[in-house]
Amino acid sequence: MPPVAEKDRAVVQLLLDAGTCPRCVLRFCSVGSQLLYRHPQQDLLKDLQEFLKNSQEKEGTVCLDVADPPCKRLRLEHKEEGADELNHNGAIPQLPSAGNTGNTGNTGNTALDSSAGRVCNVCLGILQEFCEPDFVKKVCQKVNSADYQFTSFVFSVSLPPQLSVRERAAWLGVKQQMRNLGLPLAKDDIVQLKEAYKWIIHPQLAEELGVPADGKSLFEVSVVFAHPETDEECHFLATACPDCFKPAKNKQSVFTRMAVIKALERIKEEDFLKHFPCPPSSPKNLCDALEIQCNNGAVFVAGRYNKYSRNLPQTPWIIDGERKLESSVEELISEHLMAEFKADSFNFSSSGREDVDVRTLGNGRPFAMELVNPRRIRFSAEEMRRLQQAINDSSDKIQVRDLQLVTRSAIGRMKEGEEEKTKTYSALIWTDKAIQREDIAFLDDIKELRLEQKTPLRVLHRRPLAVRCRLIHSMRSEYIDQHHFRLHLRTQAGTYIKEFVHGDFGRTKPNIGSLLNRTADILELDVESVDVDWPPTLAD
């Protein structure tokens, strides 16, 4: 027999007569036994029927043996008269209580007959057909066919918003019945539908998939339910609480689950009852399982790249829908990672960026790539080395080193104090007037030169106009000929080197041109080092 108390008898009778499934009956009776919900629904229904039958027989015996005085019966009848008065005022209509079956002819068999084979008026069939092994197998077939790697799973379910309306209507009916018996019932006492569903479905999925359910798992199996037949049942809330339903981006309807719940918290009980039947009526059709989806948590790969081409952008160079160059650093790396991890998409980030005509030498520039919804997630160190080699063999424009799996939190180290980091450059400079070695020697003695740089004209279309203060920590010059010299610079990260050389029409002050008192321009620029101690260096 289900662990429902004698005080719940009237609630069990009310809900079964209204077409509520046995598992929802247990929810409204605050039954918290997970194992009980996993029993076949027909067995639960028979147990509830037996519970009602035994309770009625017991009460009949009591009434015959104890006739002086039947205080509780008189008190209950008085309550029912009050309920009839509520009916005339448009409040909650009350079904006859289980304790009054002698007058109504209701029996436990009536409850059994009325609930068997019907779609539940509260959960719309979710705790019925969608708990059966056939549906579980359908979900697992979808998971297995998607070919994911996973060692555990988390199960999520998206319910139609009108379920919240039906749940409220059923709760109001149960609350009134409990009030008639002089017993309290808080909304929080009811077992939530999602919770009960997961109690039933988790062990079945775990057995079928061969891995445990884990609330912290990065692999998610989700089911999206819909019930077109009752889609309009929550529309009355938009009239009662218009502020709760506002159009939002990426939402096909304003009647989202959260908007409906918000409106149900605001609407008064009497206003709700004017628009919605209590208890709710039984639908003709079950819910539809619109989507069965799988999603793996993102995997993060980090490394350092060298760029040897002066005709390769860091990211795809597309202007007004037209591609300017055929490839990019990002694409040359992501092509291999996407294929190996079998991901849906990726997000590329790095410690700064170089212009299309700038090489990145030395130990390279740190980068990280987020691989979204990867099918494959486990790679050994040897497999990562082979993947790195495949990237390097595919192009002479870039090379990758220290390729490794990292955590999301570790990527933050790449961005920490980015402007306080230092970078080293080598610039080939041309001057209009002839120079001698002694003309540029003084540059070697300049330390901590403070610049004021307005946003360069060349990036003004994508960066806000501002004046940025940057430091040139040190410089070292190499004389080449009367019009050329090479300048090695150690600077604060974020310094615009090209503009420091030519001045950008006076937008960067001071600059090499003003320091040498002649026109200067930059012919070549190389990044020689990015002083970020991440990701960790790996042995070759």
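Contact here means heavy atoms within 4.5 Å. The structure is a predicted model, in which local features need pLDDT of at least 70, side-chain atom pairs count only at pLDDT 80 or more, and totals for chains, interfaces and linings use all residues. Residues are numbered from 1 along each chain as its sequence is written, and side-chain values use heavy atoms, with hydrogens and water left out. Helices (H or I, at least four residues) and strands (E, at least two) are DSSP runs, numbered from the N terminus.

**Helices H1 and H9**
- Ala-10, Val-11, Leu-14 and Leu-15 of H1 are in contact with Gly-173, Val-174, Gln-177 and Met-178 of H9.
- By class, this contact comprises six nonpolar, two polar and no charged residues; Ala, Val, Leu, Ile, Met, Phe, Trp, Tyr, Cys and Pro count as nonpolar, Asp, Glu, Lys and Arg as charged, and the others, Gly among them, as polar.

**Helix H14**
- H14 (residues 329–341) has 13 residues.
- Its buried residues (under 20% relative accessible area, 1.4 Å probe, protein chains only) include Val-329, Leu-332, Ile-333, His-336 and Phe-341.
- The buried residues of H14 pack against strands S4 (299–307), S7 (345–350), S8 (359–372) and S9 (398–406), and against helix H15 (381–394).
- Lys-342 follows H14 and has a positive phi, near 55 degrees.

**Leu-443**
- Leu-443 is located in the loop between helix H17 (437–441) and strand S11 (447–454).
- Leu-443 counts as buried because its relative accessibility is 0%.
- Residues up to four places away in sequence aside, Leu-443 touches Met-475, Phe-485, Leu-487, Ile-512 and Leu-515.
- The C-alpha atoms of Leu-443 and Leu-487 are separated by 9.0 Å, the two residues being 44 residues apart along the chain.

Notes
Expected span 1.5 Å × (residues − 1). Buried < 20%, exposed > 50% of the residue type's maximum accessible area, 1.4 Å probe, protein only.
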